Number of protein chains: 2
Amino acid sequence: MASPCRDNGSVNRSNVRPIERSITHATVAASAPSAAAGSSDFLQLRIEDAPAGGRSVWLARELRRAIADGRLPVGSRLPATRVLAAELRVSRGVITEAYRRLAEDGQLAGRGRGGTVVVAAPVTTAAKGAASTPYAHRTAAPSAAPPAPATAAATIAPSAAPFAAPPGPEIFDELRAAPARIDLSPGVPDLSAFPRTAWLRAERSVLAGLVSTELGYGDPRGTPALRLAVANWLARNRGIRADPDEVLIVAGTAQALGLIGQVLHHDGIREIAVEDPGSLGARQHLRHWRLATPPVPVDDDGIRVDALRASGARAVLLTPAHQFPTGVVLGGGRRRELMRWAADGGLIVEDDYDAEHRYDRAPVPALRSLLPEQVCYAGSVSKLLAPALRVGWLLPPPKYRKALVDAKRFADLGNAALPQLVLARLMESGELERGLRLLRRRHRRRRDAMIAAIRDRLPDATVHGAAAGLHLTITFGRDGRRASDTDLAAAALARGVKVQPLSWHSQRPSLPGLVLGYAARTPDEITEGVSVVGEALSRMRR
Amino acid sequence: MASPCRDNGSVNRSNVRPIERSITHATVAASAPSAAAGSSDFLQLRIEDAPAGGRSVWLARELRRAIADGRLPVGSRLPATRVLAAELRVSRGVITEAYRRLAEDGQLAGRGRGGTVVVAAPVTTAAKGAASTPYAHRTAAPSAAPPAPATAAATIAPSAAPFAAPPGPEIFDELRAAPARIDLSPGVPDLSAFPRTAWLRAERSVLAGLVSTELGYGDPRGTPALRLAVANWLARNRGIRADPDEVLIVAGTAQALGLIGQVLHHDGIREIAVEDPGSLGARQHLRHWRLATPPVPVDDDGIRVDALRASGARAVLLTPAHQFPTGVVLGGGRRRELMRWAADGGLIVEDDYDAEHRYDRAPVPALRSLLPEQVCYAGSVSKLLAPALRVGWLLPPPKYRKALVDAKRFADLGNAALPQLVLARLMESGELERGLRLLRRRHRRRRDAMIAAIRDRLPDATVHGAAAGLHLTITFGRDGRRASDTDLAAAALARGVKVQPLSWHSQRPSLPGLVLGYAARTPDEITEGVSVVGEALSRMRR
């Protein structure tokens, strides 16, 4: 009928019911009040198990566990806070705080008079994930992996497969499919914050006003509405002045790199320099489109422009606002050097992937704003809203404008119209910026939680690039006693925590390290995830 | 703020008002009843101008004109039928019928107690179109074109530019942008029938049940929900048994052809035979992706398999259910011959672009159902719902499955998730099939109107391929007196009617002819459009 998730949803909606209680602590049973419409039975909660002063955390964990193992299916209604507080004989604040944690996690939602409802099961549970992914068959020898800790042993199929060989074209699909309790992969914002209501409202309004011909074949550059909205957005947020006619709407940065690869190749350019370390995914895309990707080192000031010049490359892919994965911001001197290189004929592809997520101050202006003739600018909503929207934009330099429009036409005739029109409304109404402000605050709290957890559980790790973005990078130094970072990532995954090894993103030998996304996880998950990485590291060192 | 259309909508929504009446026939003024909340003034309607027995048609035309020239902007409310009938002293049926015609056209919608509201302005009006299209600057010498007829002279900028040179890669964008009162381009269903309400309802339900991770990066093959829905759809409607895991969701048939082109090229295949005549657009896409397109003739039984075999091509692109543009159905003998050719190692790319639109009997089964190993099947919702959705599907033959998934991954990481999930709901709920049944009836009436008009206004034209689909083709025979079909198309466009010349779709010399879409236009527009083509032809013959 639909995806497993959809199924889950619909089955349970037809089956919305108060949660059963099998039994439980006597106190709870005795005090179950009739006011909790239908909530007279509840999970086997034993408040004595909760540590003093940590009851909210304990309750949140118990609820998460119940959602994960299906005792609280999607669609279930939780007892009112007042009712559950009375049952467990704790203050109502304890319950409220636990619900809040799961709401922030996107697993619970308040439904007004409908109460608090389970709206999402967690990322992946092993039974489902392992059975349904292309990656599962590779986990035939789980005995080689270290045993998972007790809390996860029952639900996580240990596996190191994504890290067993050099990463191939399917690596990100495999890693995504690998079962894990806590996913600290970089590159994804807090998806539970996706503005579902605003999106739907904007779509209703778009559909009501739509002219029928807008549902036909359209301009391959994108709808005029979104091109205008993006031009305005870039002026407000990135210091870029662009005419809407210069904007090319694309299906995310991945497609942008493919189109650029085709056009450069056609122009006789056979290689594009990349930062090292730099995004493995971007490199894979460029190589698929027949461009070599010579590495240029990155230091604390960003890309080494002297090395870029020495490489002889005519084009370079950069992440100047928040270098991926190190998080370095391109320094002022380097910017000037780079502009000189470009003015001499070099082409810069500026991947501005998460520039809007800056915590300490306003983001640095885009390179595009300095030298439009030599900069091909790429942005997307993947980090602003959700990768699944597959919407991004390019500001091509004039010499490649026509070629890129042709490439987009022959790629897919242009993006779908409805989502473009909805997005244009959210951008022009200010709704997207409001959402971004909230998101930034939330992401910042999560970043702080990750830094604290690293200080606590990985005290000899060095943290890089935490002033902006959705991820940070840690390195461990070279002391010879440690295994490779792919082994560490494999060991963490075997314990149910997903991270990316820094070496994936490095073309030349690098310090061992991990790239850790924090934006999509709650502080509790982050703390637990980092702690699991710490355990894995300790065990490897023994 | 948004597209011209969007702007239009929002401006007028903030400005919803009853329609003004400047003045009008005395009778109308005298009988204006106060019950028509706010409708006491109305357009300058002179019922004496209406031909006896044709009052509905006359009123519909007057209303269309008022919408086109802005006197009835989007958002305006029309008087109640009862009220207007009284004002004009005609029967209420006359008004109802006129409103119905505009509703079918997508320009009016009933809004329950909100009355009947203008919801869409017509396709293009010259002032806007000419100023906003890349094509406009090419119309500098309009004096060369014949004058437009009186009814259109004021609003249509005459131009033959899209037909002035051999069609290049931008030809369809240019033709789309060219201003016209009546667009008889093929390939678009009745877009006013797009199920906006059902779409929004399904989207609400999808958003309510969505798991946050579904908003992240996903499976490049598409969401499991849509792959399952497509597999079920193909089983029910096209006689194809496919596992959901075989389905690859793509951004329409255009993208499908690009992915296939890349994969075949990589496999050492440098040419793919195509039907002649056959789709110009498909040929452009394949050539862009570095495949030559040797022509194989089509006769009344479909592609000449002997000629295909003689061509030596290892692959062929076919439209067996309803050949584009001739409308021929591949005959039984030819199917068997073709299957032998494929069994000998030939690869068939089956473009099943409008197979669901068959009027006389059930559609012929897809070739894919006969020989899955040698057939790469492509379908899309462009003719079922709307091209602007940019959703289609491929069933690759096993040998190219992995390569096509990789090609899709490196094209754009997979289609956007939300529209896939919404579409899956519409398919699985039966809503899409219900819509298709209604659409078929409506399209059939429009086809009949077109055939009648051709018989009446183009009596020496031969009609081809009208048993199915969204278009038909007419040819004129070779009698030497006639100009080329591009000249005829140019003359029609100069008179405000958009058609495609058959020669665009022919690689070898063909009879002069036109490809005429009827699905997206009302019977009145079709009659008028064909009549304009007839006038243009008569004038060319003089």
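Guide: Start with Asp406(A) and Lys402(A), which form a salt bridge. This is a predicted model, in which local features need pLDDT of at least 70, side-chain atom pairs count only at pLDDT 80 or more, and totals for chains, interfaces and linings use all residues. Residues are numbered from 1 along each chain as written, chains are lettered from A and ligands numbered from 1 in the order written, and side-chain values use heavy atoms, without hydrogens and water.

Visitor: What makes the contact of Asp406(A) with Lys402(A) a salt bridge?

Guide: The term requires a side-chain nitrogen of Lys or Arg within 4 Å of a carboxyl oxygen of Asp or Glu. The closest N and O atoms of this pair are 2.7 Å apart. So the pair qualifies.

Visitor: Where do Asp406(A) and Lys402(A) lie?

Guide: Both sit in helix α15 (residues 401-412) of chain A, 4 residues apart, about one turn of the helix. Helices are DSSP runs of H or I with at least four residues, strands are runs of E with at least two, and numbering starts at the N terminus.

Visitor: Why is Asp406(A) called buried?

Guide: Buried means under 20% relative accessible area, exposed over 50%, and partly exposed in between, with a 1.4 Å probe and protein chains only. Asp406(A) has 13%, so it is buried. Lys402(A) has 48%, so it is partly exposed.

Visitor: How do you know that Asp190(A) and Arg442(A) meet in a salt bridge?

Guide: Their N to O distance is 2.4 Å, within the cut-off. Asp190(A) lies in the loop between β4 (182-183) and α9 (196-209), and Arg442(A) in helix α17 (residues 431-457), so the pair ties together parts of chain A that are 252 residues apart in sequence. Asp190(A) is buried, at 3%.

Visitor: What makes Arg201(A) and Glu431(A) a salt bridge?

Guide: Their closest N and O atoms are 2.8 Å apart, so the pair passes. Arg201(A) is in helix α9 and Glu431(A) in helix α17 of chain A, 230 residues apart. Arg201(A), at 43%, is partly exposed. Glu431(A), at 24%, is also partly exposed.
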